[in-house]
Amino acid sequence: MDGHDVLTYNCLNLNSDFFSEEVTITPYTYRAFDPGPYNESMSAFEDYLGDPYLSDSDGELHVDFFNNRSPIDGKAPAWQIITVYSYEPDFGMDSDLILSPMQKLMGSSASWRHEEYRILFRFGEVTKRFLHFDRMSQLAMSKNDKYWALRFAARAIHYLEDNGTPYHTSPGTLSEILKIPLFYRSQFKKISSYHKFHDRYIGYRLWREYAPFIRIVREVEAGIFDGLTDMVKTTRKRALRILPEIEGPIKKIVHESSSSHSRIDFSRDYFDEFVAVGDARKIDRVSCRVLENIASAVKYYLEHLERRFA
């Protein structure tokens, strides 16, 4: 999903003393506890506060929505740390790795870590990544290292948000999955385009502070769950149930686009044209349900963090 930063930002209680506290930035000293593996060319885990932090692809859709200022006297507010680093798992640390012989079925090591399909067997580990970084956050807090406690928690939020994104719970509806063995290349390409459309559409709209999306994220209450494991499982199940409702309008949009564009790149220009002349009512209505599900889980987790660190 694109737009992790703006989604997380709008889930935060910016009036909270906990999230407004200025936190001292500390070096990364957790390799022994957090071996990964990670892409070594992308896992220096340097400080991105005050600097551009998105990939070129995501950056093309991005619109600034907060002041990502440089640290002052080596400190930054907790809300800024969580906002920026809720995007960190997409900076490349999970890419180009060999994690499982099954990862080819999902496309890449990044897909293996950011998605989770349950088709006879479990493919992917987004739930495990959320729980791992939540444990890392607890470890950092036990060392009185609030910066890394927050940064690890922000990474956990990233995987939690992916976990609530319908196309991260399944490659498609059952009818689309059953076509994969028969038309592997063309079918995989088709369902990948549905996934990519929705990921980028959500980010495009959120970064532009599209009122229906921002309103549902801000207004939804924290969910009621029986602990973090129940939260992540329930959020995934709800996202999976929404998938059939979202696939219909996406298929219509993508097929219509295919007939009028020789190549669909889901770029800024593509979405500018779509929102200007396309019919977004159905996709917006179901996307609001997706965001409601994700935001209720994120707010539950943020409240959990405040209680944990109190």
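Biologist: Let's start with Arg200: buried or exposed?

Modeller: Arg200 is buried, with a relative accessible area of 4%. Buried means under 20% relative accessible area, exposed means over 50%, and partly exposed is in between, using a 1.4 Å probe and protein chains only. The model is predicted, so local features need pLDDT of at least 70 and side-chain atom pairs count only at pLDDT 80 or more, while totals for chains, interfaces and linings use all residues. Residues are numbered from 1 along each chain as its sequence is written, and side-chain values use heavy atoms, with hydrogens and water left out.

Biologist: Thanks! Which residue does Arg200 meet in a salt bridge?

Modeller: Asp2, with 3.5 Å from N to O. A salt bridge here is a side-chain nitrogen of Lys or Arg within 4 Å of a carboxyl oxygen of Asp or Glu. This pair links distant parts of the chain, 198 residues apart: Arg200 is in helix H9 (residues 184–207), and Asp2 is in the segment before helix H1 (4–11). Helices are DSSP runs (H or I, at least four residues), numbered from the N terminus.

Biologist: And is Asp2 buried or exposed?

Modeller: Buried, because its relative accessible area is 7%.

Biologist: Why do such side chains pair at all?

Modeller: Side chains of opposite charge can pair when their charged atoms come close.

Biologist: How many salt bridges are there in the whole structure?

Modeller: A search finds 22. One of them joins Asp284 and Arg205, at 3.5 Å from N to O. Those two are 79 residues apart, with Asp284 in helix H13 (residues 281–309) and Arg205 in helix H9. Asp284 counts as buried at 9% relative accessibility, and Arg205 is buried too, at 11%. There is also a network: salt bridges that share partners join Asp2, Asp58, Glu60 and Arg200.

Biologist: What about Glu40, which partner does that one have?

Modeller: Glu40 forms a salt bridge with Arg31, and the closest N and O atoms are 3.9 Å apart. Glu40 counts as exposed at 56% relative accessibility, while Arg31 is partly exposed at 45%.

Biologist: New topic: where on the surface do positive charges gather?

Modeller: Lys233, Lys237, Arg238 and Arg241 gather in a patch of positive charge. Patches are made of residues with over 30% relative accessible area and no salt bridge, and like charges are joined within 9 Å. Arg241 is in helix H11 and is exposed, with a relative accessible area of 56%.

Biologist: And which residues gather in a patch of negative charge?

Modeller: Asp265, Asp269, Asp272 and Glu273 do, also on the surface. Asp265 is in the loop between helix H11 (228–260) and helix H12 (268–277). At 32% relative accessibility, Asp265 counts as partly exposed.

Biologist: Last one: how many disulfides are there?

Modeller: Zero, by the rule that a disulfide is a pair of cysteine sulfur atoms within 2.5 Å.

Technical notes: Patch = residues over 30% accessible without salt bridge, like charges linked within 9 Å, V, L, I, M, F, W, Y side chains within 5 Å. Areas by Shrake-Rupley, 256 points an atom, 1.4 Å probe, with all protein chains shown as cover. Lys, Arg positive; Asp, Glu negative; His and termini not counted. Charge placed at Lys NZ, Arg CZ, Asp CG, Glu CD.
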